[in-house]
Amino acid sequence: MKYTCFIRECASLISGKKTPNARSAQEKFMELNNLNNMTAFVASVKSGSFTAAAKQLGLTRSTIGKRIARLEARLNVRLLQRNTRNLAPTDEGRLFYERCTAVLEELDNTEQSLAQRSIEPQGRLKTEKAA
């Protein structure tokens with residue numbers, strides 16, 4: 001149900017029709033986009049190249065580059081020093097990488113914890129003996 005409302009809000013943004021919750025839908029979309037940008041950044045730093053990060057995430061090299069460019073523009077800071085041969089984080093990039101890694105690990109741990117809870121049986125089990 002929650003996702004259906006989110007999809008309707010996103011559709012209203014795309015169509016240009018204003019809804020009372022249009023701003024919140026745009027903010028939710030940007031939060032998801034920021035998470036994707038962070039994932040692209042972390043994968044690029046870990047792998048040392050946009051090509052390897054793209055392969056790992058199942059995206060194109062161009063998409064990785066655009067996501068990192070958007071991230072740098074939003075933060076107004078250069079995160080990566082790049083040339084044709086290598087890719088290295090700047091001082092700000094190293095700091096951002098450490099924080100992003102912690103955030104993504106915490107998110108992964110939370111998802112695993114919730115998934116585990118839904119697998120484990122909960123509640124009381126009643127059994128009756130046949131007469």
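This is a predicted model: local features need pLDDT of at least 70, side-chain atom pairs count only at pLDDT 80 or more; totals for chains, interfaces and linings use all residues.

Start with L95, which is partly exposed at a relative accessible area of 45%; here buried means under 20% relative accessible area, exposed over 50%, and partly exposed in between, with a 1.4 Å probe and protein chains only. You will find L95 in helix α5, where helices are DSSP runs (H or I, at least four residues) numbered from the N terminus.

Residues are numbered from 1 along each chain as its sequence is written, and side-chain values use heavy atoms, leaving out hydrogens and water.

Now look inside. A nonpolar core is a set of buried Ala, Val, Leu, Ile, Met, Phe, Trp, Tyr and Cys residues joined through side-chain atoms within 4.5 Å. The largest one has 18 residues, of which F41, I64, L80 and F96 touch the most other members. At least two residues each come from α2 (22-47), α3 (50-57), α4 (61-75) and α5 (91-119), and α2 gives the most, with six. Beyond its neighbours within four places in sequence, L80 contacts residues including F41, V45, F50 and I68 (contact means heavy atoms within 4.5 Å).

Finally, F50, T51, A53, A54 and L57 in α3 meet R61, I64, G65 and I68 in α4.
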